[in-house]
Amino acid sequence: MRLWSWPLGLLSALAVLPAQAEQALLEQRALLLDDSRLPREAALDRLQQVRFAFREAQAEPGQWPVWTRAYGLRGSWDGGLERHGEGLIVGLDRPLAGQWIGGGLLSLSRSRLDADDGAANSDDTHVGLYAATRVYNQLGFKLGALYGQHRLDSGSDHASARSWQLFGESSFAIDFRDFTLEPFAGLALVQLDSGALRSNGMRLAGADEEGGYLTLGWRLAAPWYWQQRKWVGRASLALRQDLGSDRLDGEATTDSGAVLQLQGREFERSSLRLDLGLDHQLRGDIYLGLTYAGQYAEDARDNALAARLSLKF
């Protein structure tokens with residue numbers, strides 16, 4: 001299976017070779033839309049741990065809860081396309097009026113896309129706000145907004161991009177004596193504004209892309225005590241549906257005016273998402289957590305491991 005295709009007759013063979021960098025950057029643009037989920041999911045996960053089932057202890061007056069998450073991920077697609085990434089997220093939140101809690105986060109991350117035809121890196125910064133509330137202790141709502149700055153690099157070439165996203169989730173807790181089941185539904189809307197790239201006598205046009213993501217699933221949470229310390233196990237299984245286009249297209253031009261049509265890889269729009277987590281209360285105001293997130297589609301696999309630490313000072 002060819003990863004990328006374009007009408008070769010539009011350019012000479014010498015012009016096709018530099019286009020590999022532009023092609024890799026086009027693929028990286030598509031993954032920026034998908035990777036927008038990483039800080040979003042960190043915010044949703046944080047809200048789950050401090051507002052919903054078997055939550056962390058609420059901050060006392062005068063205390064400030066701070067949390068941090070470090071993660072690494074690896075994804076692959078049939079045909080030889082691979083990507084690696086890592087990131088660090090820091091957040092701070094406070095109880096608000098009534099059942100509300102709100103906070104903000106800063107995310108720094110880097111990802112690399114590798115294929116036979118080229119490679120591209122992306123350095124990403126996100127800042128955002130998030131909040132959640134509970135109604136009658138059963139019905140929950142989460143919401144948030146994030147802004148991102150991105151620098152795409154393919155070695156000698158680079159481009160910039162910006163992103164905005166709004167997201168929300170609703171859930172309903174079904175409580176049993178020793179565990180809680182929680183069906184949930186989430187929706188995220190993402191917009192990516194990519195700048196133009198010019199290098200090697202070629203210009204890759206900028207583009208505005210939009211994406212939507214719907215997630216439907218179930219969560220399970222159960223606590224237990226071991227050596228007089230609290231542990232909480234969490235798991236969720238969900239179907240994630242991409243509501244936007246399954247591929248990105250681009251156009252590159254040479255100084256002579258020749259036009260090269262680039263067509264990105266067709267990514268799977270539906271995937272199965274599995275999350276596993278374990279939280280440990282080290283002491284009254286310090287919690288440590290480990291999480292695994294797996295995303296599986298017909299021709300793609302994505303795995304991420306993360307460690308988080310939250311404390312109050």
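Eight residues form a nonpolar patch on the surface: L139, F141, F172, I174, F176, F179, W218 and L220. Together they have about 690 Å² of accessible area. This is a predicted model, so the values here are computed from predicted positions. Strand 5 (139-153) and strand 11 (207-226) each supply at least two of its residues. L139 has its place in strand 5. With a relative accessibility of 31%, L139 counts as partly exposed.

**Inside the structure**

How many cavities of 30 Å³ or more does the structure hold? There are six. The largest cavity contains about 810 Å³ of space. It is lined by 42 residues, and the closest to its centre are E41, D45, S236, R273 and D275. Which helix gives the most to the lining of the largest cavity? Helix 3 (residues 37-51) does, with nine residues. By type, the lining of the largest cavity divides into 19 nonpolar, nine polar and 14 charged residues.

**Salt bridges**

Side chains of opposite charge can pair when their charged atoms come close. A search of the whole structure finds 25 salt bridges. Three of them are set out below.

| Salt bridge | N to O distance |
|---|---|
| R83 and D34 | 3.5 Å |
| D34 and R240 | 3.1 Å |
| R301 and D78 | 3.0 Å |

Take R83 and D34, whose side chains meet in a salt bridge. The pair links distant parts of the chain. Is R83 buried or exposed? R83 is buried, with a relative accessible area of 2%. D34 also counts as buried, at 15% relative accessibility.

R240 is buried, at a relative accessible area of 6%.

R301 and D78 make another salt bridge, at 3.0 Å from N to O. R301 lies in strand 17 (residues 300-312), while D78 sits in the loop between strand 1 (65-77) and strand 2, so the pair ties together parts that are 223 residues apart in sequence. R301 is partly exposed, with a relative accessible area of 32%. D78 is partly exposed too, at 35%.

Some salt bridges share partners. Which residues do they join into one network? The members are D34, D35, R37, E41, R83, R240, R273, D275 and D302. The largest cavity comes back into view here: E41, R273 and D275 are among the residues closest to its centre.

**A contact across the chain**

L92 is found in strand 2 (residues 81-95). How far is the C-alpha atom of L92 from that of W67? The separation is 6.3 Å, although the two residues are 25 residues apart along the chain. L92 has a relative accessibility of 33% and counts as partly exposed.

Most residues other than glycine have a negative phi. Two residues here depart from that pattern.

F54 is not a glycine, yet it has a positive phi of about 50 degrees. Where does F54 lie? Its position is in the loop between helix 3 and strand 1. Helix 3 is also the helix that gives nine residues to the lining of the largest cavity. F54 is partly exposed, with a relative accessible area of 25%.

Y136 is the other case. Its phi is positive, about 55 degrees, and Y136 is not a glycine. Y136 is found in the loop between strand 4 (118-135) and strand 5. Strand 5 is also a source of residues for the nonpolar patch. At a relative accessible area of 77%, Y136 is exposed.

How values were computed: Residues numbered from 1 in each chain as written. Predicted model: local features only at pLDDT ≥ 70, side-chain atom pairs only at ≥ 80, totals over all residues. Heavy atoms only, no water. Patch = residues over 30% accessible without salt bridge, like charges linked within 9 Å, V, L, I, M, F, W, Y side chains within 5 Å. Areas by Shrake-Rupley, 256 points an atom, 1.4 Å probe, with all protein chains shown as cover. Salt bridge = Lys/Arg side-chain N within 4 Å of Asp/Glu carboxyl O. Helix = DSSP H or I, 4+ residues; strand = E, 2+ residues; numbered from the N terminus. Buried < 20%, exposed > 50% of the residue type's maximum accessible area, 1.4 Å probe, protein only. 1 Å grid on protein atoms, 1.4 Å probe; cavity = no way out; pocket = protein on both sides within 12 Å on 5 of 7 lines; lining within 4 Å. Points joined across faces, edges and corners; volume = space filled by probe spheres on them. Nonpolar A, V, L, I, M, F, W, Y, C, P; charged D, E, K, R; others polar.
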